[in-house]
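Subject: Structure handover, with notes on chain B

Hi,

Here is the structure I promised to pass on. Please open it alongside these notes.

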Amino acid sequence: MNTRGLRSQLKDSVPVTGLCPQAGPYGVQDSLRRGFSSVKNELLPSHPLELSEKNFQLNQDKMNFNTLRNIQGLHAPLKLQMEYRAARQIQRLPFLPSSNLALDTLRGTDDTIGFEDILNDPVLSEVMGDPHIMTEYKLGVL
Amino acid sequence: RQRTRPQLLRAENTMLNTSTKTPTGGFSFENTRRNAVLEANLSEKGYSAPNARKTGTTIAGLIFKDGVILGADTRATDDMVVADKNCMKIHYIAPKIYCCGAGVAADAEVTTQMMSSNVELHSLSTGRPPLVAMVTRQLKQMLFRYQGHIGSSLIVGGVDVNGPQLYSVYPHGSYDKLPFLTMGSGAASAVSVFEDRYKPNMELEEAKQLVRDAITAGIFCDLGSGSNVDLCVITEKTVDYLRGYDQPVQKGLREGTYRYKPGTTAVLTKTVTPLTLDVVDESVQVMDTE
């Protein structure tokens with residue numbers, strides 16, 4: 001599935017907005033939660049791979065859905081995206097790590113091992129999000 | 001009621017961060033800016049940050065009449081120092097597929113281990129023995145995804161339903177399919193031996209000798225390769241991992257000895273100064289020996 005040419009990737013890839021200022025709820029930098037900001041940090045990525053890795057799964061999904069639409073018609077990606085949305089809602093409490101098993105099965109990544117399974121596994125992480133803050137953020141109260 | 005208290009204590013003891021993002025796995029680029037600043041500071045003073053250990057290798061592969069022979073030297077270097085005199089550069093991927101790794105040692109090791117796991121999962125899912133082309137495809141897709149930052153060059157060789165196959169994969173994701181291949185810093189020396197004496201459909205002993213000669217050429221003519229020659233012979237029926245097949249370079253024996261007999265140096269004068277020590281404090285600690 002990775003043999004698509006560069007042109008098709010450019011057309012459907014996610015735009016480079018990963019580094020815009022982290023606006024909080026009032027439109028300004030939320031220093032308490034996201035730390036100090038600087039123009040240099042926001043304009044340029046710190047590593048050439050940072051953006052491409054952040055958007056990798058999204059870009060893959062877009063490419064796959066586009067191919068599927070070209071082969072089978074519009075109904076195929078629509079049905080699959082409905083299933084994706086349903087599977088994405090199967091989560092544990094906001095501050096606990098979820099296995100995302102249904103989502104992995106749909107994507108076909110349940111029988112592959114990549115760096116996201118070996119390095120920085122969230123299950124083994126030493127810090128966790130504050131339960132109250134994460135739940136409030138999830139419920140939109142924050 | 002009693003059960004909740006230790007749970008609460010445990011939650012207070014873990015560190016809590018105040019971000020609202022759910023953590024994901026994979027590479028973390030948080031420290032790249034800090035590392036860049038540290039490296040700039042160090043280079044101002046004239047020092048440099050440590051480099052990743054490269055294998056500085058000669059690896060080679062050859063297709064002969066019944067299968068594939070992979071060969072490798074066994075030296076791992078850390079810039080100009082030999083870090084490991086006897087490392088294993090031929091890694092297992094599947095029962096009939098092996099992979100030689102050159103480039104950054106850690107990258108080659110982790111890449112081949114991940115490939116081995118992926119190949120096992122894939123063959124369990126398809127119910128068929130794996131193809132060498134499948135290993136090559138997964139390797140090149142992964143290496144292209146990381147744009148050459150994973151510095152491992154690999155030679156994948158094995159026997160599958162399509163016969164003996166040999167591929168080489170470069171760090172940026174390109175690959176070659178050829179009857180004989182060499183990679184690593186000693187590749188030029190090794191490939192010269194292959195270009196001179198390779199014939200299609202060679203016999204086993206002749207092919208083993210040729211790969212041994214190619215790796216030996218790399219060991220003698222390249223500073224980054226050395227120590228022993230490892231071979232791996234893969235045929236349809238068997239796999240022979242010959243570790244330490246040849247040791248062309250033996251450590252030199254010392255000709256003489258530098259030990260001197262006691263009394264060689266004459267003693268001219270001797271003075272003895274006793275040091276008086278005063279007892280300052282004395283305390284007794286009773287041990288509980290029950």
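**Conventions**

This is a predicted model, in which local features need pLDDT of at least 70 and side-chain atom pairs count only at pLDDT 80 or more, while totals for chains, interfaces and linings use all residues. Residues are numbered from 1 along each chain as its sequence is written, chains are lettered from A and ligands numbered from 1 in the order in which they are written, and side-chain values use heavy atoms, with hydrogens and water left out.

Helices (H or I, at least four residues) and strands (E, at least two) are DSSP runs, numbered from the N terminus.

**Sheet S6 to S10**

In chain B, 5 strands make an open antiparallel sheet, ordered S6-S7-S8-S9-S10. Two strands pair if DSSP finds at least two bridges between them. The edges are S6 (90-94) and S10 (175-177) of chain B; each has a single partner strand, so one side of each has no neighbour in the sheet. Neighbouring strands are turned by 20 degrees against each other on average, direction ignored. Angles run from 0 to 180 degrees between N-to-C directions, and axes are lines fitted to C-alpha atoms, for helices over the stretch in contact.

S6(B) is largely enclosed by the rest of the structure, because 4 of its 5 residues are buried. Buried here means under 20% relative accessible area, exposed means over 50%, and partly exposed is in between (1.4 Å probe, protein chains only). S6(B) pairs with S7(B) in the antiparallel sense over 4 bridges. Tyr92(B) has Tyr98(B) in S7(B) as its bridge partner. A hairpin with 2 residues joins S6(B) to S7(B).

Further along, S8 (residues 152-160) and S9 (residues 163-169) of chain B are paired antiparallel over 7 bridges. There, Gly157(B) stands opposite Leu166(B) in S9(B).

H3 (residues 105-126) of chain B touches S6, S7 (97-103) and S8 of chain B, and its direction makes about 20 degrees with that of S6(B). H4 (residues 132-145) of chain B lies across S6, S7, S8, S9 and S10 of chain B, at about 160 degrees to S8(B).

**Sheet S11-S2-S3-S12-S13**

This open sheet of chain B also has 5 strands, in the order S11-S2-S3-S12-S13, with antiparallel pairing. S11 (180-183) and S13 (239-246) of chain B stand at the edges with a single partner strand each, so one side of each lacks a neighbour in the sheet. The twist averages 15 degrees from one strand to the next.

S2 (residues 59-63) of chain B runs antiparallel to S11(B), joined by 4 bridges. Leu62(B) stands opposite Phe180(B) in S11(B). S12(B) and S13(B) pair antiparallel over 5 bridges. Val229(B) has Asp246(B) in S13(B) as its bridge partner. These two strands form a hairpin with 3 residues between them.

H5(B) lies across S2 and S11 of chain B, at about 160 degrees to S11(B). H6(B) lies across S2, S3 (67-73), S12 (229-235) and S13 of chain B, at about 25 degrees to S3(B).

H5 (residues 187-197) and H6 (residues 204-221) of chain B pack at an angle of about 145 degrees, with axes 7 Å apart. The contact takes in residues of H5(B), among them Val193(B) and Phe194(B), and residues of H6(B), including Leu210(B) and Ala214(B). By class, the contact residues are 8 nonpolar, 3 polar and 2 charged. Ala, Val, Leu, Ile, Met, Phe, Trp, Tyr, Cys and Pro count as nonpolar, Asp, Glu, Lys and Arg as charged, and the others, Gly among them, as polar.

**Aromatic rings**

Rings of Phe, Tyr and Trp (its six-membered ring) pair if their centres lie within 6.5 Å; planes under 30 degrees apart count as stacked, over 60 as edge-to-face and the rest as tilted. This rule gives 9 aromatic pairs over all chains. Phe27(B) and Tyr146(B) have ring centres 5.3 Å apart and planes at 75 degrees, so the pair is edge-to-face. Phe27(B) lies in the loop between S1 (15-17) and H2 (32-45) of chain B, and Tyr146(B) in the loop between H4 and S8 of chain B, so the pair ties together parts 119 residues apart in sequence. Phe27(B) is partly exposed at 36% relative accessibility, whereas Tyr146(B) is buried at 2%. Ring pairs link Phe115(A), Phe27(B) and Tyr146(B) into a cluster.

Best wishes

Notes. Contact means heavy atoms within 4.5 Å.
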